[in-house]
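Please keep the structure in view while reading.

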Amino acid sequence: MKKYLFSALALFGALALTAQDTPKNWPHLDLTKDGVLGMSTDKAYEELLNGKSGQMVIVAIIDSGVDAEHEDLADVMWVNADEIPDNGKDDDNNGYIDDIHGWNFIGGPNGTHIDSENLEIIRLYNRYKERFEGADVSKLSKSARKTYDTYKEYEKIINDKREDLAPKVQLYGTTFEMLEAVTKAIGKAPEDITKEDIKAQMEGDAESGAEFVMRFMEEGSSFADIYNDLEGYATYLKDSYGANWNPDFDARDIVGDDPSNLTDRDYGNNDIEGPDAMHGTHVAGIVAAIRNNDIGMNGVISDNVRIMSVRTVPNGDERDKDVANAIYYAVDNGATVINMSFGKGQSPYKGAVDAAMKYAASKDVVLVHAAGNDGKENNTENNFPHDVYAKRGLFGKKNVPTWIEVGAMTVNNDEGLTASFSNYSADYVDVFAPGVEIYATVPDDKYQNLQGTSMAAPQVAGLAALLRSYFPDLTAVQIKEIIMESSVKPSQMVNVPGEEDKKTSLSKISVSGGVANVY
């Protein structure tokens, strides 16, 4: 699931407001030179890479889709040179028709798309319900009774969640309608509305919602930030109730495949943007938005990179079959770095994903994955996909050797360095990277602050691509080793995400104990 965070309104105790004084380019800044603990990207270009040239690298973005025509991305999109656009033929015989910039594994043959989807717990619950509804529990075998108990546990979780969501959908929906009314009354686009506009509206109609908005603008937020955050959160709640947590919702017939047929790769369509490409476009921009073109923002790498979009992640939980096929597609079409800013709590077909990851590792591909935004300690049972194969080796568990798991950090070089939402683990989260207040590309030539480990992972994917470009003889395993060992190790104690008032060293909640650094 594309779990980026909305910086929603503090009035409802949701998420923190975005601070206006944080530099938009903070992930690229350097502690010594700029006074900001970023990844020192700009310093690396100025002092180490100036005058040097690199080789072209393809980075696959397995995500919600990418706006391939964005002003800051169009020139760095991967183009399948062996495919003739829009002729309805599979010219390169790779199994996918007209795949010019990538492929869409959650699209239908007639050009339609999956937007919202169930969570995996819903899909498992429906499978168990079909098996156990009306069954005589007393006649179940021991193993069947264990599965039945899981079914009833899921049923309670789902009912409790829907009961919790229902009033929130109403509250935030009504609040956003109020904000839309303010916008309409002023007669400007949200990004053009100022404090003066709100003050004038307050004088005309104190009940219009303008007073509500002014409270947050006085604290430093722009009207556009408030509008976008509330719209996003209201939409998130509506989709959560209507699709993600709704057992009666099923969108897979749009694709027309059998989701349990793991050998099937012949499905989807070539629309790599889809209906909601904000998340994937933001991720792509972090990796590769064109540097120093005086528009938007800079990616970690742009001169020698091409972005391949593999649309796999809906507004809901991605399916294991699609993830596996997306990895195969990316590897077979030349990607040497794959970014995966998604995750979920169950993986019923983990073996299929493991096989795809093993294939990628055998082809020397770097796999970068976001740790997740639940403020919890990751293990092999609560966060998928991960780098531990389900099938154990002769001497114990086996890992994907080219996998890098990334947690999120803030702009604060103090105890607040760790993002409060970031997952962590001394065993399974390799390194931290900037993931809060990240300004990057979104569809329709726009830019926006988003936050989450989804934003931290592409910082590291960009770094991996930079290493692949300038040092092409390095293996994927060596690149992981370099990123880990060259990470900056903060000396101070940091907050343990999700645990109020608990502090520890970064080495206790990550494998490297450091934050990624390009320089």
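At roughly what angle do the axes of helix α4 and helix α7 cross, and within what distance do they come? The model examined here is a predicted one.

## Helices α4 and α7

Helix α4 covers residues 142-186 and helix α7 covers residues 223-244; their axes cross at roughly 145 degrees and come within 8 Å. Two packed helices are described by these two quantities, the angle between the axes and the distance between them. The crossing in which α4 passes α7 is left-handed.

Which classes of residue make up this contact? The contact of α4 with α7 has 15 nonpolar residues, along with 4 polar and 5 charged ones.

## Aromatic pairs

The structure holds 16 aromatic pairs. One of them is formed by Y96 and Y329, with an edge-to-face arrangement: the ring centres are 5.2 Å apart and the planes stand at 80 degrees to each other. Y96 belongs to the loop between β1 (57-63) and β2 (102-104), while Y329 belongs to helix α9, so the pair ties together parts that are 233 residues apart in sequence.

Are Y96 and Y329 buried or exposed? Both Y96 and Y329 are buried, which means that each has under 20% relative accessible area. Y96 and Y329 also belong to one aromatic cluster, together with W103, F105 and Y267.

## The second largest pocket

Rolling a probe the size of a water molecule over the atoms shows where empty space is left. The second largest pocket has a volume of about 390 Å³. Its lining consists of 21 residues, and those nearest the centre of the pocket are R123, R127, D250, P259 and R319.

Which elements give two or more residues to this lining? They are α3 (120-132) and α9 (320-332). Helix α3 supplies the largest share, 5 residues. Sorted by class, the lining of the second largest pocket has 13 charged residues, 5 nonpolar residues and 3 polar residues. Helix α9, which gives residues to this lining, is also the helix that holds Y329 of the aromatic pair.

## N25 and N298

N25 sits in the segment before α1 (31-34). How far apart are N25 and N298 in sequence and in space? In sequence they are separated by 273 residues, while their C-alpha atoms are 7.7 Å apart in space.

The relative accessible area of N25 is 35%.

Definitions and conventions. Residues numbered from 1 in each chain as written. Predicted model: local features only at pLDDT ≥ 70, side-chain atom pairs only at ≥ 80, totals over all residues. Heavy atoms only, no water. 1 Å grid on protein atoms, 1.4 Å probe; cavity = no way out; pocket = protein on both sides within 12 Å on 5 of 7 lines; lining within 4 Å. Points joined across faces, edges and corners; volume = space filled by probe spheres on them. Helix = DSSP H or I, 4+ residues; strand = E, 2+ residues; numbered from the N terminus. Nonpolar A, V, L, I, M, F, W, Y, C, P; charged D, E, K, R; others polar. Axes fitted to C-alpha atoms, helices over the stretch in contact; angles between N-to-C directions. Left-handed = near helix turned anticlockwise from the far one by under 90°. Phe/Tyr/Trp six-rings, centres within 6.5 Å; stacked < 30°, edge-to-face > 60°. Buried < 20%, exposed > 50% of the residue type's maximum accessible area, 1.4 Å probe, protein only.
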